[in-house]
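I opened a new notebook page for this model.

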Amino acid sequence: MAAAHALTSDTHTRVAATVPKPASLLPRGAFDSHVHVFDPTIGPYASNRAYTPEDAPLDRLIAFNKSISKYGTGSSIVLVQPSPYKSDCTVLLKCLQELQNQKRAAYGIAVVDVQAIQDTELERMHKLGVRGIRLNFQADGKGVDIPGLMASLRTAAARIAHLPGWIIQLFVPGFVWDNIFDGVRTLPVPIIADHLGGMRGASKLGPDLAENPLQQPGFNSLVRLAQMSKLIIKVSGLYRASGSTETCYHDTRPIIETLSREVPDQCIWGSDWPHTGEGKDRVNGDLGVKEPFRSIDDAAILENVREWVGGEGAWQKLMTDNPSRLFQ
Ligand SMILES: [Zn+2]
């Protein structure tokens with residue numbers, strides 16, 4: 001089967017254990033709303049980056065995207081600026097231009113210096129499909145500076161509020177939603193909560209919370225903000241939320257089930273291809289050594305998520321209706 005074979009052609013991805021079932025492949029009009037390109041041949045990494053990833057050029061991304069799509073042409077994609085490029089969006093914008101040239105539906109989430117960037121540059125980005133900016137406050141073991149985070153959110157929101165359809169994508173540890181609840185409620189732009197809003201499955205929670213992962217700090221705030229339409233939650237990066245590789249991250253099921261039941265119109269899906277590694281593992285990393293990507297069975301994740309969201313209607317919203325409302 002062509003789809004299964006394409007998954008194995010990626011030399012940095014373990015041979016996929018699961019042959020994708022057509023029902024769990026991306027339907028027509030679907031979005032993969034979180035992918036990256038790493039290509040040092042078209043733009044340099046920042047010298048102060050935390051790690052150097054393997055290469056993941058655009059043609060490999062397109063091949064991956066086709067391999068998980070029910071129809072061979074592929075889905076819409078949202079390119080997210082990855083951290084090794086810091087705020088240099090050269091590669092992101094070149095890829096968006098190339099995707100436009102290929103008549104592929106593609107959008108981007110950029111990282112910018114919100115103090116310094118010119119409005120004309122933001123408008124150029126918009127024309128190429130950029131629809132938001134990314135803030136990463138995933139703390140890598142350090143505390144999260146809540147006043148600093150709120151100040152960054154407000155500054156970023158003020159810079160992009162006039163741009164049609166722009167959002168802020170935010171990756172924070174889950175508990176942070178309790179601390180920024182009121183601030184997010186009054187922001188003039190919506191937020192995309194990255195990677196399940198930083199929530200964790202039982203395998204990454206202490207023994208008391210593992211019994212009831214829905215009680216973990218921040219979860220209630222995350223759901224309430226989504227109910228107020230202030231927040232969109234990205235069902236992505238399950239391997240960041242769970243250490244339970246052998247069950248294909250089954251302990252994220254209660255979180256995904258609950259989100260899909262409580263806020264079915266506020267969830268979108270992303271593969272997080274090419275599946276970069278874990279920040280905490282790279283503190284003394286050698287920038288001269290390319291860090292391998294994780295081995296992820298994307299087909300198995302898609303099958304699980306399809307089952308967990310609880311029905312065809314919720315799957316359609318997650319994959320197609322919600323992202324197409326968000327990215328226009
Ligand atoms: Zn990512």
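Across which strands does helix H3 lie? I looked: helix H3 (residues 90-101) lies across S3 and strand S4 (106-110), and it runs at about 170° to S4. For such angles I use axes fitted as lines to C-alpha atoms, for helices over the stretch in contact, with angles from 0 to 180 degrees between N-to-C directions. Contact here means that the C-beta atoms of two residues, placed from the backbone, lie within 7 Å. Helices (H or I, at least four residues) and strands (E, at least two) are DSSP runs, numbered from the N terminus.

Ground rules next. I number residues from 1 along each chain as its sequence is written. The model is predicted, with local features needing pLDDT of at least 70 and side-chain atom pairs counting only at pLDDT 80 or more, while totals for chains, interfaces and linings use all residues.

**Entry: the sheet**

I traced the strand order. Eight strands form an open sheet, S1-S3-S4-S5-S6-S7-S8-S9, with parallel pairing. I take two strands as paired if DSSP finds at least two bridges between them. Strand S1 (31-35) and strand S9 (267-269) stand at the edges, each with a single partner strand, so one side of each has no neighbour in the sheet. The twist from one strand to the next averages 25°.

S1 and strand S3 (residues 76-80) run parallel and are joined by three bridges. Phe31 stands opposite Ser76 in S3.

**Entry: strand S6**

Is S6 enclosed or open? Five of the five residues of S6 are buried, so the strand is largely enclosed by the rest of the structure. My cut-offs: a residue is buried if 20 or more other C-beta atoms lie within 10 Å of its own, exposed if 12 or fewer, and partly exposed in between, with C-beta atoms placed from the backbone. Both faces of S6 are covered. Ile167, Gln169 and Phe171 are buried on one side, and Ile168 and Leu170 on the other.

I then looked up the partners of S6. S5 and S6 run parallel, joined by five bridges. Arg134 stands opposite Gln169 in S6. Strand S7 (residues 191-193) pairs with S6 in the parallel sense over three bridges. Leu170 has Ala193 in S7 as its bridge partner. From S6 the chain crosses through H6 to S7, and this β-α-β crossover is right-handed. Right-handed means that, with the strands pointing away from the viewer, the path from the first strand over the helix to the second runs clockwise.

**Entry: helix H5**

I tested the length first. At 1.5 Å a residue, the 15 residues of helix H5 (residues 146-160) should span 21 Å, and the end C-alpha atoms are 21 Å apart, which agrees. The expected span is 1.5 Å times one less than the number of residues.

Which residues of H5 are buried? They are Leu153, Ala156, Ala157 and Ile160. Seen down the axis of H5, the buried residues fall within an arc of 100°, so they line one face of the helix. That arc is taken from the directions from the helix axis to the C-beta atoms. An α-helix has 3.6 residues a turn, so residues three or four places apart point the same way. On the other side of H5, Pro147, Gly148 and Ala151 are exposed.

H5 lies across S5 and S6, at about 170° to S5.

**Entry: helix H11**

Eight of the 11 residues of H11 are buried, so H11 is largely enclosed by the rest of the structure. Trp308 belongs to this helix (residues 298-308). Trp308 is buried, with 20 other C-beta atoms within 10 Å. Beyond its neighbours within four places in sequence, Trp308 is in contact with Arg253, Ile256 and Glu257. Trp308 and Arg253 are 55 residues apart in sequence and 6.2 Å apart in space, C-alpha to C-alpha. Just after H11, Gly310 takes a positive phi of about 80°.

I found a cis peptide bond from Trp273 to Pro274, with omega near 5°. Pro274 lies in the loop between S9 and strand S10 (290-291).

Leu196 has a positive phi of about 60° although it is not a glycine. Leu196 is in the loop between S7 and helix H7 (207-210). It counts as buried, with 25 C-beta neighbours inside 10 Å.
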